[in-house]
Amino acid sequence: MSEQMSGKRVLTGVKPTNNLHIGNYYGAIKPAITLSKECDDSMIFIADYHSLITIHKGQDLNQSIYEMTAAYIASGLDVNNTCIYKQSDIPEILEIAWVLNCFTPKGLMNRAHAYKAKIQLNEQEGKKDLDSGVSMGLYSYPVLMASDILSFNADIVPIGPDQKQHIEITRDIAQKFNQNYKADFFKVPDFQLGVPEDVPGLDGRKMSKSYNNHIPLFMDSKKLRKKVMKITTDSTPPEAPKDPESSIVMDIYKVVASSEQVDSFKEAYAQGISWGEAKQHLFECLDKYFEDKTQYYNEVIADKQKLDQILKQGAEKARSYARPLLQELKKIVGVC
Ligand code: TRP
């Protein structure tokens, strides 16, 4: 355990999405698991009520909750060491969110990035109503997120750069509340900024479902090979030396392989490895890395009862923190 993490509660949330890809794995899942192993009090939750803002098909949301949970477990999350739970299993989060709503200036929400981006898009598209397509869920997203964090007295919240503003908002709300009641009630959290490992997609742009350039996570070998063979390459002839600095195959390899492996792959480029061989090599490396995880994933996702049980166990633990906090909060605000 690292010194910095000792005695600290580290909490983070992930929105369930379907069609997870290796970009999600290297950008979010793997770093979260690594961090969870470095601390003795870690919590990871599935932010399903946040996903409800965009996923309006019950079956899809439900399936993506299981897929996300299974992905974390198959990727090595130790459920005995890390408390994993579903946001919607903790009703206290929503009660606390209401209280926080009452201490959140509306102007603060007007300045939140996701809301502002939507307004801008509406403006660009010439829409008359700039709030078109903005639900109260989207608008107050940061308040629910603040409650996710403040309900558990989290010390540190590991996040990607796109979430920094949300933590600043959380801090603002907590401080406003504390000042009003002249109490140190909510712990004002710090964030830990992870450097996201951007994985390039098949066409070299950032890997993303919306660009349809992604390599799905936990695919069987045959399909994985087919995907890898689709990576864009230039027209350098088979025998000619190739430039490792402008190759998508190499860029993806760098994320997966060790630096020694990368060095010897570079050597192969210099000696004129063909693109077909290079892709085969990348495929074998990916296949080897994900083989056991894929098998484990398939076992885990097939046993939804077990997943339910894991999430339930996590929720019990998480609620044991949030319940007394809510009781105390109700006293302070004067409703009981
Ligand atoms: N908003 C985060 C994201 O999109 C997910 C999230 C919800 C979260 N609640 C959180 C992250 C609390 C950290 C802490 O990635």
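Colleague: How many disulfides does the count come to?

Modeller: Zero, with a disulfide taken as a pair of cysteine sulfur atoms within 2.5 Å. C102 is in none, and the nearest cysteine sulfur, that of C336, is 16 Å away. Likewise, C336 is in no disulfide.

Colleague: Is C336 buried or exposed?

Modeller: C336 counts as exposed because its relative accessibility is 56%. The cut-offs are under 20% relative accessible area for buried, over 50% for exposed and partly exposed in between, with a 1.4 Å probe and protein chains only.

Colleague: What sort of model is this, and what is the pLDDT rule?

Modeller: This is a predicted model, where local features need pLDDT of at least 70 and side-chain atom pairs count only at pLDDT 80 or more, while totals for chains, interfaces and linings use all residues. Residues are numbered from 1 along each chain as its sequence is written, and side-chain values use heavy atoms, with hydrogens and water left out.

Colleague: Change of topic. Where does H50 lie?

Modeller: H50 is in helix α2, residues 48-51. Helices here are DSSP runs of H or I with at least four residues, strands are runs of E with at least two, and both are numbered from the N terminus.

Colleague: And why does H50 count as buried?

Modeller: Because its relative accessibility is 3%.

Colleague: Which residues is H50 in contact with, leaving aside neighbours within four places in sequence?

Modeller: K15, Q87, Y141, L144, M145 and D148. Contact means heavy atoms within 4.5 Å. With Y141 there is also a specific atom pair: a polar atom of the H50 side chain lies 3.3 Å from the backbone oxygen of Y141.

Colleague: What about contacts between residues at least 6 apart in sequence?

Modeller: Of those, 78% join residues at least 24 apart.

Colleague: And how many positive and negative side chains?

Modeller: There are 41 positive and 44 negative, and the centres of the two sets lie 6 Å apart. Lys and Arg count as positive and Asp and Glu as negative, while His and the chain ends are not counted.

Terms used:
Charge placed at Lys NZ, Arg CZ, Asp CG, Glu CD. Polar contact = N/O pair within 3.5 Å; in protein donor to acceptor, adjacent residues only side chain to side chain.
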